[in-house]
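Hello,

Here is the structure I promised to pass on.

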Amino acid sequence: MSDIAEANRKLPLPQFVRDLLSAPPRRGEGLNLWLYKVARVMHPYRTPGEIIETLAAATVGDPMKPGEIERAVERSAATAWKPGERPRSRARLTSWPKVNTEQREAVIGSGYGLVDLWEMSPRRFEDNESRAEEIIDRLFPGDPLLCVGRRNSEFATRHRETWRGKLAKLQLIVPSPMSAQFGRTQDGRVSEHTLENTGPRRFLVIEFDTGTVDDHAALLLHLAERDPLVLAVHSGGKSLHGWFYFTGKTEERLRRFMRYAVSLGADPATWTRSQFVRMPDGLRDNGKRQTIYLFNPKVVK
């Protein structure tokens with residue numbers, strides 16, 4: 001850590017950070033984005049452990065899901081704000097656009113829903129058997145390093161063949177191959193799940209936190225008109241996640257697509273390459289299958 005960074009750790013939090021901490025939204029009103037945004041601007045001033053404690057105290061009236069705050073702190077480290085960056089106003093703490101409610105409602109009002117997503121799927125699975133192994137073979141051919149987790153705190157990076165026969169019982173995966181088994185976190189720890197040891201982006205996963213699964217299906221089908229949708233995975237909770245194939249695409253095109261998705265209500269956290277997403281046809285920790293509603297393997301090369 002530099003002398004400047006160490007000195008910052010000893011300073012009071014800037015007023016704009018304290019303002020953010022004083023007004024957390026309720027669940028369903030952008031809480032996940034708020035956690036990410038506040039953690040991002042706290043990194044220059046506090047350690048990850050201190051940020052977790054502060055966010056927990058600020059949201060004490062709104063019960064957190066296990067690991068929710070820890071994930072926000074880890075995700076935000078890759079885009080940590082640097083004191084002196086311009087502009088410093090609250091409105092520009094993130095480059096992501098605000099939700100365009102009118103556009104979002106127009107897309108949702110198209111009449112498409114989950115049934116349409118299923119009917120449009122080139123490949124359907126109509127039995128109760130998990131197809132996690134088959135899907136991962138198609139998404140990640142060969143024997144690449146994959147970071148897979150039972151939960152956010154229990155994971156490993158191993159070659160694909162090492163994972164064979166085990167994926168159906170796991171819930172998390174990084175949607176890009178890893179470049180090495182180990183890397184260093186932002187605070188210098190060696191780990192098997194870091195941005196440093198995540199390879200070039202292969203898939204961009206779009207997740208919507210608000211609305212119904214029919215809403216999510218309509219939004220994903222709308223986005224699929226712009227770039228190829230490979231998978232639609234139910235989270236085993238309340239949301240639908242879309243895997244879009246972006247191997248070899250420019251950063252500009254990726255960001256343009258993500259910005260549009262965020263303007264429709266997508267969670268920007270999945271922009272981080274190392275972010276865990278739901279294992280296709282894996283098993284969530286609540287025992288529910290993360291069901292596949294659309295699988296379009298032909299677009300994967």
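Below are notes on a sheet, its helices and some salt bridges.

This is a predicted model, where local features need pLDDT of at least 70, side-chain atom pairs count only at pLDDT 80 or more, and totals for chains, interfaces and linings use all residues. Residues are numbered from 1 along each chain as its sequence is written, and side-chain values use heavy atoms, without hydrogens and water.

**Sheet.** Four strands make an open antiparallel sheet, ordered β6-β8-β7-β10. Strands are DSSP runs of E, at least two residues; helices are runs of H or I, at least four; both are numbered from the N terminus. Pairing needs at least two DSSP bridges. The edges are β6 (203–207) and β10 (292–295). Three bridges join β7 (229–234) to β10. A232 faces L294 in β10.

**Helices.** α10 (213–223) lies across β6, β7 and β8 (240–245), at about 10 degrees to β8. α11 (251–263) touches β6 and β8, at about 10 degrees to β6. Contact means heavy atoms within 4.5 Å. Angles run from 0 to 180 degrees between N-to-C directions, with axes fitted to C-alpha atoms, for helices over the stretch in contact.

**Salt bridges.** The count is twelve (side-chain nitrogen of Lys or Arg within 4 Å of a carboxyl oxygen of Asp or Glu). R123 and E134 meet at 2.7 Å, N to O. R150 and E154 have their closest N and O atoms 3.3 Å apart. For D285 and R284 that distance is 3.9 Å. E133, D137, R160, E161 and R164 form a salt-bridge network.

Best wishes
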